[in-house]
Amino acid sequence: MNVAVRSHAATKQASEHFDVLIVGAGISGIGSAYHMTKQLPGASFVVLETQATFGGTWTTHRYPGIRSDSDLHTFGYSFKPWVGPPIATAEEILTYMNEVIDDNDIAKHIRYKHKINSASWSSEQNLWTIEAVTTDTGEAKTFTANFLWMCQGYYRHSEGYTPEWKGTERFKGRIVHPQTWPDDIDLTNKKVVVIGSGATAATLVPNIADKCAHVTMLQRSPTYFRLGRNAIEIAEELRRLQVDEEWIHEIVRRKILFEQDAFTKLCLSKPEQVKKELIGQIIAVLGPDYDVETHFTPSYRPWRQRIAFVPDADLFKGIASGKASVVTDEIECFVENGIQLKSGKLLEADVIVTATGFHLAALGDIAFEVDGKPLAFGDTVTYRGMMFTGVPNMVWVFGYFRASWTLRVDLVADFVCRLLGHMKAKGTKKVEVKLRPEDHNMPILPWIDPENFNPGYIMRDMNLLPKRGDKPEWQHSQDYWTEKDEIPKTDLDDGAFVYG
C-alpha cells in the first residue's frame, strides 16, 4: 500500500502544469514568450527547447558567414529596435535575442535540453499532456497544459536534406552539410565544391573563398538574388539627426514593408521587368562578357522561390575576382577526386558541401494524439495557417516566405493572447476550428499553390502539411500586407470557432 502511495506521489511530482506551453526557444518562441509576459501577465507558461540554449536556427547552423537573408528591421521584433546593419550575422541575432530574454526576465520560463516526444489532448480533461525527455540525462518529464503554442519552426534541426547521388562512397574527401557543420574542418588551400544555389550557398561561397584554393558553386539551375549595400540610408540619416531608436525602428520597418509590398506586386504584374532589373544588377558586377544567361537567369518568374539578398554583392565580387566560380550542370556521380557531371566535365574537390536544403518537419516530428487517436496534420484543414480542424487549444507559428518570418510571430502572438483572453471571458476551456456549413462544398487544396510558391522543401513533403480551402480564412495566404489588417479583426465568435 505504501509503495502505491509513493508511486502515485512521484508521478504527481514529475508532472508540472502550465496554462500555456510554448514549444521552441528560437525567434518565434522567444517572441511569443515576450507577448505572454506583457499581454497575459497572470498566466503561467513554460518554454521547452531541445537544444542547450536559445536561438533555434541561429544556434543549429554554424557554417562560415551564417547571416540573415532578410533585413533585421523586419526580422527583428516590433517591440525591440534593431540598431545594427540590416543583414546580420548569427552572433548579432543571438545577442539581440539574449537582450530580449534578459530585459523581460524570460530565462526563468525556459527549460533547455527538453526533447518532446508526444503530445496528447484529452477532451475529458481539456488538457494537453506532453511527454518529454532531457537530452543530457535521459530523464522522462511530463507536463500538462491548457494550451499548446507551437514555435518550433518548420524543418528538422537534427539533419539537413541531402539527395541520393551515385558513388558518394567512392569520394576520398569529406562531404559536409551546412546544417551539421563540423568544428574540426579546415578548408585552407582546399578545392571546395558547394552544391546548391540558395541563400546558404550564396553566404558560404564568399565567406570561404579567401581561405580555399578555389571554391565552386555547383547548381542544377539558377536562382534570383537581390544586391545592395548592407545599410539603410534613411536609418543612417535619422541616426545622424539623433532621432530616438524606437522611432527609427518603426519608420524603417514601415518603409521596408511598403517597398517589399510594391516589389511583390511588381513581380506578379511585371515579372519580365523585375527579372531584367535583378539580372542587370549582376551584369553590372560580373561584366558583359560573363555568361549570366546560363548561370544567373532562372526559368521561373521572380518570387516563386525565395529571393536571397546578397549584401555588398560579396558573392559576385568573389566570382569576379576568380576566387570563386559557378558551374550550372547536373551530377552524374561522385568519383574519388570530385564530381563527374552529366556534361562530361569533372569537378575536382577535396571537400564537398551539400547546401541542398532541409527536411520539412510538420509540428516538430512530435507524435500527436487527440482523444487517443493518432493525428495526421495532412488530414486537417488550416485556419489562417495557425489552427487546424480537429485540433483543440493549439496554434502554430508559421512565418512568411516573401517577408520576414518574425512579422507573423508578432501577429500570431497578438491573436493567441486575444483568443486566450476571450476564452477566459466566456468561461470556456476549449476552442477548436471547424468548417462551417457554408464551407462544406469548399475545394480542399494543398497547403500552398505551387504556381504561387514552390521551393523544393515544400514540394518534397507537401503531404505532411495541413490542407487549405479557397477562402481567406482557410489558408495561409503568405500575404503579410493583408494579414496585418485581417488577423487583428478576426471575429472570435465566428462560426469557425467552436468553444466548449
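Reply: Start with burial. Buried means under 20% relative accessible area, exposed over 50%, and partly exposed in between, with a 1.4 Å probe and protein chains only. Thr-428 has a relative accessible area of 18%, so Thr-428 is buried.

Me: What kind of model is this, and how are residues numbered?
Reply: This is a predicted model: local features need pLDDT of at least 70, side-chain atom pairs count only at pLDDT 80 or more, and totals for chains, interfaces and linings use all residues. Residues are numbered from 1 along each chain as its sequence is written, and side-chain values use heavy atoms, with hydrogens and water left out.

Me: Where does Thr-428 lie?
Reply: Look for helices and strands first. They are DSSP runs, numbered from the N terminus: helices are H or I with at least four residues, strands are E with at least two. Thr-428 sits in the loop between α12 (405–426) and β24 (431–433).

Me: Which residues is Thr-428 in contact with, leaving aside neighbours within four places in sequence?
Reply: Contact means heavy atoms within 4.5 Å. With those neighbours set aside, Thr-428 is in contact with Met-423, Tyr-499 and Gly-500.

Me: Now Thr-389. Is Thr-389 buried or exposed?
Reply: Thr-389 counts as buried, because its relative accessibility is 17%. Its place is the loop between β22 (387–388) and β23 (394–396). Leaving aside neighbours within four places in sequence, its contacts are Thr-380, Val-381, Val-433, Lys-434, Leu-435 and Trp-474.

Me: What does the side chain of Thr-389 reach?
Reply: The side chain of Thr-389 reaches the backbone nitrogen of Val-381 at 2.9 Å. There is also a pair to look at across the chain. Thr-389 and Pro-466 are 77 residues apart along the chain, with 9.2 Å between their C-alpha atoms.

Me: How is the protein divided into domains?
Reply: Domain bounds come from an automatic or database domain assignment. Domain 1 covers 16–157 + 359–499, and domain 2 covers 163–228 + 279–356. Taken over C-alpha atoms, their centres are 33 Å apart.

Me: How do I read the area buried between domain 1 and domain 2?
Reply: The size of an interface is often given as the accessible area lost when the parts come together. Here, buried area is the accessible area (1.4 Å probe) that two parts lose on being put together, summed over both. Between domain 1 and domain 2 it is about 2100 Å², and carbon and sulfur atoms give 44% of that. Tyr-63, Arg-67 and Asp-69 supply 33% of the area that domain 1 buries against domain 2, more than any other three residues. In residue terms, 25 residues of domain 1 are in contact with 21 residues of domain 2.

Me: How many salt bridges are there between domain 1 and domain 2?
Reply: A salt bridge is a side-chain nitrogen of Lys or Arg within 4 Å of a carboxyl oxygen of Asp or Glu. The count between the two domains is three. Elsewhere in the list of pairs, Arg-62 and Asp-183 meet in a salt bridge at 2.7 Å, N to O.

Me: What does the salt bridge of Lys-80 and Glu-99 tie together?
Reply: The closest N and O atoms of Lys-80 and Glu-99 are 3.0 Å apart. Lys-80 lies in the loop between α4 (72–75) and α5 (90–103) and Glu-99 in helix α5, so the pair ties together parts 19 residues apart in sequence. Lys-80 counts as buried, at 14% relative accessibility. Glu-99 counts as partly exposed, at 35%.

Me: Where in the chain are Lys-255 and Glu-259?
Reply: Both are in helix α8 (residues 245–269), and because they are four residues apart, about one helical turn separates them. Lys-255 is partly exposed at 34%, and Glu-259 is partly exposed at 39%.

Me: Which residues have a positive phi?
Reply: Most residues other than glycine have a negative phi. Asp-365 is not a glycine, yet its phi is positive, about 55°. Asp-365 lies in the loop between β18 (358–360) and β19 (367–370) and is partly exposed, with a relative accessible area of 43%. Arg-384 also has a positive phi of about 55° without being a glycine. Arg-384 is in the loop between β21 (382–383) and β22 and is buried, at 10%.

Note on methods: A polar contact is a pair of N or O atoms within 3.5 Å; within protein, one must be able to donate a hydrogen and the other to accept it, and residues adjacent in sequence count only if both atoms are side-chain atoms.
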